[in-house]
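Okay, thanks for coming, everyone. Let me put the structure up.

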Amino acid sequence: MKIEGLDVALAPIMIGTSSALFTDETTPWIHTDLTQEEQFAVIDELWDMGLHCFDCSAGYGENVLGAYLKSRKRTDEAVILTKGCHPNFYRKRVTSFDLLSDFHDSMAKLKRDYIDIYMLHRDDPDVPVSEIIPTLDQLKKEGKIGIYGASNWSMERVREANAFAKSNGMEPFRAISPHYSLAHQINDPWGGGVSITGPEHAEDRRWLIEQKMPVFAYSSMSCGFISGMFKSNEKEAAKKLLSPPGMKGYYADENFERLARAEQLAEKYGVTVAQISMAWLFRQELQVIPLQGGENAQMYRQTLEASKIELSRDEIHWLNLE
């Protein structure tokens, strides 16, 4: 897949590093029983499958990814999306100072002098875009960034940022990374997140299609709701299996109906529910690159197989209750 502004083509999916494969002592909230040798062996498998694109952030993934790439002499061969300006307990941190601090720390951890795709992890609507875009534009002019964009910025703010960039001869946001999946996000699961699911964001999706702006979709399984870990008629089991964010974000009758329809198509095509959910993403008019985490290569192999499932337009609309 080609993205405007990047010289390299992307694989159908991007490896998410907020997972057991990329955790170490700096991310103790992500549990793993894997040794670094075992982590690297699985990443080797993914690399051999053609998956050379990675999503990380200043808060996770960069240490292990940087160490892996250095150990395999692949530091300049990977395509890396990383993010900065995440809030802490004290400040929202969407400032030029924090952006530059996070950016240079990320380059040090990744052992690179260039970031393919750089994103602002969160937003602070009280900060004018005029205070942020010039800093990103300067990093672009210095040859340190391929393209930049935003994760968890409202579409109104994205449009505002790009209007400012255009009127001042600067580089615009060329990609975004919100939540997007078959399941409709009915509430923000964590706080500070942005989803483009549901009829309320139909106009936003049309704008993204018109702008040909790629969507790096996080939580494409919606906290597991549409992964097949429970069946559509098992609502009580779902309450036990879903995490609190999964319950808050996706536990709704409309999503159980989407799950039921995914089950029917999974039986029709002889694949898993998760593969149908991913196939739905791959067949959107939007240019969608799902971010996927996982502990073993089989998960990724199944997703690559899902990218080849040819759902009809009618099936795509039917799955989404349209």
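This is a predicted model: local features need pLDDT of at least 70, side-chain atom pairs count only at pLDDT 80 or more; totals for chains, interfaces and linings use all residues.

Searching the whole structure turns up eleven aromatic pairs. Let's start with Phe103 and Tyr118. Their ring centres are 5.0 Å apart and the planes meet at 80°, and anything over 60 counts as edge-to-face, so that's what we call this pair. And where do the two residues sit? Phe103 is in helix α3, residues 96–110, while Tyr118 is in strand β4, residues 115–120, so the pair ties together parts 15 residues apart in sequence. Buried or exposed, then, for Phe103? Buried, with a relative accessible area of 0%. Tyr118 also comes out at 0%, so it counts as buried.

Okay, next pair: Phe225 and Phe256. This one is edge-to-face too, with 5.0 Å from centre to centre and 65° between the planes. Phe225 sits in the loop between β7 (215–217) and α7 (235–241), and Phe256 is in helix α9, residues 253–269, so we have a link between distant parts of the chain, 31 residues apart. Phe225 is buried at 0% relative accessible area, and Phe256, at 4%, counts as buried as well.

Now zoom out a bit. Phe225 and Phe256 belong to one aromatic cluster, together with Phe230 and Tyr251.

Arg157 has its charged end over the ring of Trp153, 4.7 Å from the ring centre. Over at Trp207, the charged end of Arg159 sits above the ring, 5.4 Å from its centre.

Key: Residues are numbered from 1 along each chain as its sequence is written. Side-chain values use heavy atoms; hydrogens and water are left out. Rings of Phe, Tyr and Trp (its six-membered ring) pair if their centres lie within 6.5 Å; planes under 30 degrees apart count as stacked, over 60 as edge-to-face and the rest as tilted. Helices (H or I, at least four residues) and strands (E, at least two) are DSSP runs, numbered from the N terminus. Buried means under 20% relative accessible area, exposed over 50%, partly exposed in between (1.4 Å probe, protein chains only). A charge sits over a ring if NZ of Lys or CZ of Arg is within 6 Å of the ring centre and within 35 degrees of the ring normal.
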